[in-house]
Amino acid sequence: MHDSPLLFVDIDGVISLFGESHTRPAGRWVNVDGMLHFLSATAGGHLLRLAEGFELVWCSGWEDRANDHLPHELALPGPLPFLTFERSRRRRRAHWKLDAVDAYARERPLAWIDDAFDEECHWWAGERPAPTLLVATEPAVGLTEKHVAQLEGWATRLGH
Ligand SMILES: [Mg+2]
């Protein structure tokens with residue numbers, strides 16, 4: 001029933017970029033609930049391509065609000081499934097997402113794109129019985145062609 005591996009997609013630092021970089025991709029400023037976000041123009045195309053081999057899930061503090069804006073802004077098919085998080089958890093690092101990722105993925109293979117992995121995430125990935133790939137982005141650059149190639153290569157080796 002679930003043929004494709006899951007792909008958890010963070011937004012800030014992956015699609016919505018921040019910080020200085022000489023290699024910042026093209027994009028545009030979008031008003032999201034009164035806050036300006038710089039959305040990478042290339043991220044949408046990359047995600048569209050990844051959606052062919054993965055089952056995409058929003059994995060971001062944006063939670064359900066991701067579907068209010070991103071499928072439209074990035075020309076993605078939507079809405080996508082999304083994770084929700086316990087509000088009491090510390091939110092500055094990726095590990096506040098682990099419980100929700102675990103609960104959603106159960107025993108399925110998963111890849112996860114995020115700009116804020118910490119040691120706990122890498123330990124967790126290494127201990128997971130199912131194939132698990134963490135793809136770290138630079139917050140000023142976001143999702144790149146190289147990440148897409150890495151993800152596609154990983155999925156191919158899984159037999160997808
Ligand atoms: Mg982030």
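This note goes through the metal site, the nonpolar cores, the aromatic pairs and the cysteines of a predicted model.

1. Basis of the values. Residues are numbered from 1 along each chain as its sequence is written, and side-chain values use heavy atoms, with hydrogens and water left out. Because the model is predicted, local features need pLDDT of at least 70 and side-chain atom pairs count only at pLDDT 80 or more, while totals for chains, interfaces and linings use all residues.

2. Magnesium site. The magnesium ion has as its protein donors Asp-10 (OD), Asp-12 (O) and Asp-115 (OD), which lie 2.1 Å from it; donors are N, O and S atoms within 2.8 Å of the metal (3.2 Å for Na, K and Ca), and sites may look incomplete since water is not among the atoms. Along the chain these donors follow the spacing D-x1-D-x102-D. Asp-10, in the loop between β1 and β2 (16-17), and Asp-115, in the loop between β6 (110-114) and α4 (119-127), are 105 residues apart, so the pair links distant parts of the chain. Helices (H or I, at least four residues) and strands (E, at least two) are DSSP runs, numbered from the N terminus. Asp-10 is buried, with a relative accessible area of 4%, whereas Asp-115 is partly exposed at 22%; buried means under 20% relative accessible area, exposed over 50%, and partly exposed in between (1.4 Å probe, protein chains only).

3. Largest nonpolar core. A nonpolar core is a set of buried Ala, Val, Leu, Ile, Met, Phe, Trp, Tyr and Cys residues joined through side-chain atoms within 4.5 Å. The largest one holds 29 residues, of which Leu-7, Ile-15, Leu-47, Leu-50, Phe-54, Trp-58 and Leu-151 touch the most other members. Elements that each supply at least two residues of this core include β1, β3 (27-32), α1 (41-50) and β5 (55-58), and the largest share, four residues, comes from α5.

4. Phe-54 and the second core. Once neighbours within four places in sequence are left aside, Phe-54 is in contact (heavy atoms within 4.5 Å) with Ser-4, Pro-5, Leu-6, Leu-7, Ala-111, Leu-151, Trp-154 and Ala-155. A second, separate core of 18 residues includes Leu-6, Leu-98, Val-101 and Trp-112.

5. Aromatic pairs. Six aromatic pairs are found in a search of the whole structure; rings of Phe, Tyr and Trp (its six-membered ring) pair if their centres lie within 6.5 Å, with planes under 30 degrees apart counted as stacked, over 60 as edge-to-face and the rest as tilted. Phe-8 and Tyr-104 form an edge-to-face pair, because their ring centres are 5.9 Å apart and their planes stand at 85°. This pair joins strand β1 (residues 6-9) to helix α3 (residues 98-105) across 96 residues. Phe-8 is buried at 0% relative accessibility, whereas Tyr-104 is partly exposed at 32%.

6. Aromatic cluster. Trp-112 and Phe-117, with ring centres 4.9 Å apart and planes at 85°, are likewise edge-to-face, and both are buried. Ring pairs link these two residues and Trp-124 into a cluster.

7. Cysteines. The whole-structure search finds zero disulfides, a disulfide being a pair of cysteine sulfur atoms within 2.5 Å. For Cys-59 the nearest cysteine sulfur is that of Cys-121, 9.3 Å away. Cys-59 is buried at 0% relative accessibility, and Cys-121 is buried at 0% as well.
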